[in-house]
Amino acid sequence: MTKTELFLKLATPDESGFSRWVSVEEFIGEYAELKFGNGASWARKESALAKKFKIEFEKNLTAGNSIDAIRLAGFNNDETSQYISAAIKKEIRSRRCVILGTSNPEVDHKNGMKNESRVMQNENQKLSDFQPLSKAANDAKRQFCKECKASGKRFDAKNLGYPMSYYAGVATHHGEENACVGCYWYDPLEFKKHLQEKINS
């Protein structure tokens, strides 16, 4: 079994190519040969794994920038970069999840379709393009976004008990760049703001 196959066995990515965060502390026993040497070794940009999947790392900045954890973030089947600037990551991670209020959030692209060329090019990114979501919330959003893209039908917030479905847009879409705007998952805080305005009107 190659190191790539061994890691995939450990990480168990889903059908969309996303996996959980795998700590390097799990590289023991059967998976001991996955221990990193210099850099990311078998997970470098030119590796077989990187040719198939988009790879994200959690690094320990206080320990020589060593890698603490690794995960797969979807299939590497397009030329669109999902790079997020370091300054934006730092700021978003200092905040609390906009849904659960928990600390240590993940950095979420508000546009779940990730089809805005400006946002996907880090030099043009804005802080407002992202939001802090806990892993649980981000995993849930990812699933709903997947269903939305596949069906062309937007997520209906009434399924969460809210009295309105979305604050802008229509029920169906054709994958336009702005198709996510108005959806609960696009910006829960903005959604609740519009909901309050509706209640007060």
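Me: Which side chain is joined to that of Glu190 by a polar contact?
Reply: The side chain of His194, through a polar contact of 3.0 Å. A polar contact is a pair of N or O atoms within 3.5 Å; within protein, one must be able to donate a hydrogen and the other to accept it, and residues adjacent in sequence count only if both atoms are side-chain atoms. This is a predicted model, in which local features need pLDDT of at least 70 and side-chain atom pairs count only at pLDDT 80 or more, while totals for chains, interfaces and linings use all residues. Residues are numbered from 1 along each chain as its sequence is written, and side-chain values use heavy atoms, with hydrogens and water left out.

Me: Where does Glu190 lie?
Reply: In helix H5, residues 188-200. Helices (H or I, at least four residues) and strands (E, at least two) are DSSP runs, numbered from the N terminus.

Me: Is Glu190 exposed or partly exposed?
Reply: Partly exposed, because its relative accessibility is 26%. Buried means under 20% relative accessible area, exposed over 50%, and partly exposed in between (1.4 Å probe, protein chains only).

Me: Which residues in H5 are buried?
Reply: Pro188, Phe191 and Leu195. They are on the same side of H5, because they cover an arc of only 55° around the axis; the arc is that of the directions from the helix axis to the C-beta atoms. What covers the buried residues of H5 includes E5.

Me: What should the 13 residues of H5 span?
Reply: 18 Å at 1.5 Å a residue, and the end C-alpha atoms are 18 Å apart, so the two agree. The expected span is 1.5 Å times one less than the number of residues.

Me: Back to E5. What does it pair with?
Reply: Strand E5 (residues 130-133) pairs with E4 in the antiparallel sense over four bridges. Two strands pair if DSSP finds at least two bridges between them. Asp108 has Gln131 of E5 as its bridge partner.

Me: Which residues of E4 are on each side?
Reply: In strand E4 (residues 106-109), Glu106 and Asp108 are on one side, Val107 and His109 on the other, and all are buried. In a regular strand the side chains alternate between the two faces of the sheet.

Me: And Lys110, buried or exposed?
Reply: Lys110 is buried, because its relative accessible area is 11%. Lys110 lies in the loop between E4 and E5, and a polar contact of 2.9 Å joins its side chain to that of Asp187. Leaving aside neighbours within four places in sequence, its contacts (heavy atoms within 4.5 Å) include Phe130, Gln131, Trp185 and Tyr186.

Me: New topic: how many residues has the largest nonpolar core?
Reply: It has 17. A nonpolar core is a set of buried Ala, Val, Leu, Ile, Met, Phe, Trp, Tyr and Cys residues joined through side-chain atoms within 4.5 Å. Helix H1 (3-11) and strand E3 (66-75) each give two or more residues to this core, and H1 gives the most, with four. Apart from it lies another core, of 14 residues, among them Phe155 and Cys180.

Me: Which residues have a positive phi without being glycine?
Reply: Thr12, at about 45°, and Asn104, at about 55°, are among them. Thr12 lies in the loop between H1 and strand E1 (22-23), and Asn104 in the loop between helix H3 (86-93) and E4. Thr12 counts as exposed because its relative accessibility is 54%; Asn104 is exposed as well, with a relative accessible area of 70%.
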